[in-house]
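Here are my notes for your review. Please read them alongside the model.

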Amino acid sequence: MKAVLVMFDSLNRHMLPPYGCDWVHAPNFERLAKRTVTFDNCYIGSMPCMPARREFHTGRYNFMHRSWGPLEPFDDSVPEMLQQNGVYTHLITDHSHYFEDGGATYHTRYGSWEFNRGQEGDNWKAHVSPAFEIPPVTRRMEKNQTDRMWTQEFINRHYMPTPDDQPQAQTFTQGIQFLNDNRHADNWFLQIETFDPHEPFFSHQPYKDLYAHGYTGTVTDWITYGRNAEDEAAARHFQLEYAALVSFCDEQLGRLLDTMDALDLWRDTLLIVCTDHGLLLGEHDWWGKNVAPWFNENARIPLFVWDPRCGKSDERRQSLVQMIDLPATLLEFFGLPRPADMEGVGLAAAITDDRPVREAALFGAFGGHVCVTDGRYVYMRGPMGDNQPLYEYTLMPTHIRTRFRVDELQAAALAEPFAFSKGCPLLRMPGRPWGEPTELGSMLFDLRADPNQLNPIHDADVEAAMTAHLLRLMQRNDAPAEQYARLGLARPT
């Protein structure tokens, strides 16, 4: 048996034709939906990028105990488990966060890996004093990107004069090469992962021409996370730049589907196409992620699965599923048992006949709202007061691009093991939230009556039921005591 997982970053469900979008040019996503089962209720778990990838490796929620960080020494990594049990694993990625301090233990869990450089100001090409023009940093950049990242981004783009030179195209080319080289082999797993359509929304002119709109303002293709400060024309410009990059993603996906057809891989190859989260493009008066609550534009994500064992295609599924289910699905497909710590479940039955997977799904980011959905309601439980206490638990003290500072480590204490840490005590250090605004408080939405989450409701009975789901899932995750305290909840006994 063989398996291919294609993961995009920040791919918006509501901007894909299979999910009802009628203006984004993405015919290959339509083609994909006809060959697969399309899930209508797939939700994020732990956010953002590397927390989601830790979930993909472990099948367990990350955000109750840790912000952004590497795999821990006690974590069970499914790609590594596959490799140890006779299934060759290969990662092809242009996601540079894997190769920074906060992600450096992921790629080495695979049997082999390839990395294509140049995304999002990656420290790639060296020009001490560039002889070519670097656009000036705009006010929109000052909050969440440094001058260095901005300059490096445009140095890197100097080496991408055509679409084929972009990291995403290189990643898919290498993925297609793997399929051609290994089409006659058995027992392998291939992960093709691209950073696109994550910002900056860099694409070449043919993709921009699909959305020509004549905008002449001084807006770049790199958004700033936070409250909306754009006028209507600038906001539309950013949305169309994003759409152009989605169309580039669609073209690369089409190349992969062509290869699946040509090699007749549909006979025995599991295909999963997914993303880690969406991206706010002005909805709810917000841009980006992390600093905004996890509304459905970010939290409800696309998922397409082809399972050759049942052969179901061009069908929809309503089962409530999450990223934590994908590693369990891979283990199930290759006939391997789930680790005891895994919270996700295999999706074979849901793929076959839409068998329910769970009553409710937990999601959020470290230190922000703790959210839960049952598919109809979404409850975002906000922290109380000053959002304290809050602690990080880790044996790998790194942030995104840096190690923990000495003063952070000086405040560390040794904490008792958690249920999933295999008897290992952890360092406990004061944590800080990602920036979600606590003044918004808790919010409850009825998706049936208000699918765009524009009008929070107040219903004590529904809130009590959703709180019960939240408490049950937190308890199952062995959430630390202070997580209940900062949310103003009594810890179950």
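1. Start with Val-6. Its relative accessibility is 0%, so Val-6 counts as buried (under 20% relative accessible area; exposed is over 50%, partly exposed in between; 1.4 Å probe, protein chains only). Val-6 sits in strand β1, residues 2–8. Helices (H or I, at least four residues) and strands (E, at least two) are DSSP runs, numbered from the N terminus.

2. Ground rules. This is a predicted model: local features need pLDDT of at least 70, side-chain atom pairs count only at pLDDT 80 or more, and totals for chains, interfaces and linings use all residues. Residues are numbered from 1 along each chain as its sequence is written, and side-chain values use heavy atoms, with hydrogens and water left out.

3. Surroundings of Val-6. Leaving aside residues up to four places away in sequence, Val-6 touches Phe-172, Ile-192, Leu-256, Leu-271, Ile-272, Val-273 and Cys-274. Contact means heavy atoms within 4.5 Å. Tyr-377 is 371 residues from Val-6 along the chain, and their C-alpha atoms are separated by 29 Å.

4. Helix α7. This helix covers residues 232–262; at 1.5 Å a residue its 31 residues should span 45 Å, and its end C-alpha atoms are 45 Å apart, which agrees. The expected span is 1.5 Å times one less than the number of residues. Of the 31 residues of α7, 23 are buried, so the helix is largely enclosed by the rest of the structure.

5. Ends of α7. Asp-231 caps the N-terminal end, with a side-chain oxygen 3.2 Å from the backbone nitrogen of Ala-233. Just after α7, Asp-264 takes a positive phi of about 55 degrees.

6. Arg-60. This residue lies in the loop between α2 (49–58) and α3 (78–84). Arg-60 is buried, with a relative accessible area of 6%. Its side chain makes a polar contact of 2.8 Å with that of Asp-75 (a pair of N or O atoms within 3.5 Å; within protein, one must be able to donate a hydrogen and the other to accept it, and residues adjacent in sequence count only if both atoms are side-chain atoms). Residues that Arg-60 touches include Glu-55, Asp-341, Glu-343 and Asn-477.

7. The open sheet. Its 3 strands run in the order β17-β19-β18, with antiparallel pairing. β17 (391–394) and β18 (413–415) stand at the edges with a single partner strand each, so one side of each is left without a neighbour in the sheet. β18 pairs with β19 (residues 426–430) over 3 bridges; two strands pair if DSSP finds at least two bridges between them. Ala-415 stands opposite Leu-426 in β19.
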